[in-house]
Amino acid sequence: MIELVVMDVAGTTVEDPDGVGGCLKVALTAHDVPWEHDAVNAIMGIPKPVAIRELLKQFKTNGDEPSTEEVQSIFLDFRKRMIAYYEETPDIREIPGASAAFKEMRSKGIKIALDTGFDRAVLDAVLRRVGWENDVLDTTVASDEVSRGRPFPDLVFLAMERTGVADVKKVAKVGDTPSDLQEGTAAGCALVVGVCEGTHTAEQLARHPHTHLIPSIAQLPALLDEVKL
């Protein structure tokens, strides 16, 4: 039986009409960094300072390492825009069926965690906005709380530590980006589930390691009922 489900936030459990990508593009433009949509989409899910560094190398420094100061300046601009976005944009809400899925899984003894490429300040803004601060989740983990974010497995391992789950073969990782699938695979999770209504299509996610693809987080409890470990 799965004992812990670790789910992504934006695009997986929280509706995000390209808010992350949009805020990142605006921050890049404000700092005179050119960008391409596919390149920005490709780094969704990974810690944003890492993502910004990679985009600078690709579009500004011709492969050379950008300065720490420039990366930090763009990141702080992005974070400010993201917090304002999650506090003010009227489109922010949970993915339909997310809270019901959490409740159903927890009723069966499964612990629920959220993990994210956001830092804690942005994650807390999201949690406040959708009302998931108290008694809805067992834990949340942010990218600035581990030494390595996605696609490394550290976020999964921290969620396990915080929920008291010792066996990674009792863990499911769920998300809408390739970095989510890579994270779950790197951790050795029993289930690595792609959600196909976020940043990437089923066809795009199918190119990356996974055990299952589902249309929405609302289908996750049924999948867990069907899977035999």
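At what angle do helix 4 and helix 6 pack, and how far apart are their axes? Some notes on that and a few other spots follow.

1. Before anything else: this is a predicted model, where local features need pLDDT of at least 70, side-chain atom pairs count only at pLDDT 80 or more, and totals for chains, interfaces and linings use all residues. Residues are numbered from 1 along each chain as its sequence is written, and side-chain values use heavy atoms, with hydrogens and water left out.

2. Helix 4 (residues 68–88) packs on helix 6 (residues 120–130) at about 5°, with the axes 9 Å apart. That makes the two roughly parallel (angles under 35 degrees count as such). Contact means heavy atoms within 4.5 Å; among the residues making it are Met82, Ile83 and Tyr86 of helix 4 and Val122, Ala125 and Val126 of helix 6. By class, the contact has 8 nonpolar, no polar and 5 charged residues.

3. Now the largest nonpolar core, with 59 residues. A core here is a set of buried Ala, Val, Leu, Ile, Met, Phe, Trp, Tyr and Cys residues joined through side-chain atoms within 4.5 Å, buried being under 20% relative accessible area with a 1.4 Å probe, protein chains only. Val5, Met7, Tyr86, Met105 and Leu220 touch the most other members. Helix 4 gives the largest share, 7 residues.

4. Have a look at lysine 57, in helix 3 (residues 48–59). Its side chain makes a polar contact with that of glutamate 65, at 3.2 Å (a pair of N or O atoms within 3.5 Å; within protein, one must be able to donate a hydrogen and the other to accept it, and residues adjacent in sequence count only if both atoms are side-chain atoms).

Note on methods:
Axes fitted to C-alpha atoms, helices over the stretch in contact; angles between N-to-C directions. Helix = DSSP H or I, 4+ residues; strand = E, 2+ residues; numbered from the N terminus. Parallel < 35°, antiparallel > 145°, perpendicular 65-115°, else oblique. Nonpolar A, V, L, I, M, F, W, Y, C, P; charged D, E, K, R; others polar. Buried < 20%, exposed > 50% of the residue type's maximum accessible area, 1.4 Å probe, protein only.
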